Amino acid sequence: MNQKIKAVLGFLVSGAVLTAIDQWTKSLAVAGLKGKEPFVIWKDVFELLYSENRGAAFGVLQGKHGFFFLVAACVFVAALYVTWKLPNEKKFVPLRICVTLITAGAAGNLIDRGAQGYVVDFLYFILIDFPIFNVADCYVTVATAVLLILLMKVYSDEDLAVLWQKRKES
C-alpha cells in the first residue's frame, strides 16, 4: 500500500479513536453529572461540573454554529493536506500527532454542536476559576501548544518546505 495512503488511513483511524474517547467522556458526563451537584475531585481545586457551551473557548461566539462548521471544515482539509504532504520520516511523527489531536478535538466538539446545538463541558479548575472544558478542548490546547513549540524550536524552514513543494515526478 502507498505510504501516503497509509499515513492518511492512520490519521483517520487514530482521529476516530480519539474522537470516540472524547464522545464517550461526554456521554459519561451527561449520564453522571447533568442536573446534579458537581463531583469534587479535589476540594476547592478541581471538580467535574456539567455545562453546556453554546460558544467557543471561554463561551465566546455564542450560537455561531455556521462559523464553527466552517472552521472545522478548514481544519479537516488542512489536516488531510499536511498528512498527505509530510514525508514518512520519524522526525515528523510529533507534527502528525499534533495535527491528529487538533482534528480529533475539532471533530469531537463539532459532533456535539451538530447533534445538540452545544458542546458538553465538564472539567473545572475552581482554584483559578478557569472556564469549564472537555477532553476535546484538552486535545486542541495541548496539541496547539506543542505544535507552536515544534514550529519555533524543532522544525526548520527546510523541514516544512515539503508542505509547499510540488511533488517531483519520477
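## Disulfides

Searching the whole structure, which is a predicted model, turns up 0 disulfides. A disulfide is a covalent bond between the sulfur atoms of two cysteines, and here the cut-off for such a pair is 2.5 Å between the sulfurs.

Take Cys74 to begin with. The closest cysteine sulfur to that of Cys74 belongs to Cys98, and because the two are 20 Å apart, they are too far for a bond. Cys98 has its own closest partner in Cys138, but the sulfurs are 15 Å apart, so this pair is also too far for a bond.

## Where the cysteines sit

Is Cys98 buried or exposed? Cys98 is buried, with a relative accessible area of 3%. Buried means under 20%, so Cys98 falls in that class.

Cys74, on the other hand, has a relative accessibility of 48% and counts as partly exposed. The exposed class needs over 50%, which is why Cys74 is placed in the class in between.

Ile5, Leu9, Leu12, Leu80 and Trp84 make a nonpolar surface patch of about 410 Å². Two elements each give two or more residues to this patch: α1, spanning 3-33, and α2, spanning 65-85. Which of the elements gives the largest share? That is α1, with 3 residues.

Ile5 is one of the patch residues, and its place is in helix α1. With a relative accessible area of 39%, Ile5 is partly exposed. Patch residues need over 30%, so Ile5 passes that cut-off.

Notes:
Residues are numbered from 1 along each chain as its sequence is written. This is a predicted model: local features need pLDDT of at least 70, side-chain atom pairs count only at pLDDT 80 or more; totals for chains, interfaces and linings use all residues. Side-chain values use heavy atoms; hydrogens and water are left out. Buried means under 20% relative accessible area, exposed over 50%, partly exposed in between (1.4 Å probe, protein chains only). Patches are made of residues with over 30% relative accessible area and no salt bridge: like charges are joined within 9 Å, nonpolar side chains (Val, Leu, Ile, Met, Phe, Trp, Tyr) within 5 Å. Accessible areas come from the Shrake-Rupley method with a 1.4 Å probe; for residues, only the protein chains shown count as cover. A salt bridge is a side-chain nitrogen of Lys or Arg within 4 Å of a carboxyl oxygen of Asp or Glu. Helices (H or I, at least four residues) and strands (E, at least two) are DSSP runs, numbered from the N terminus.
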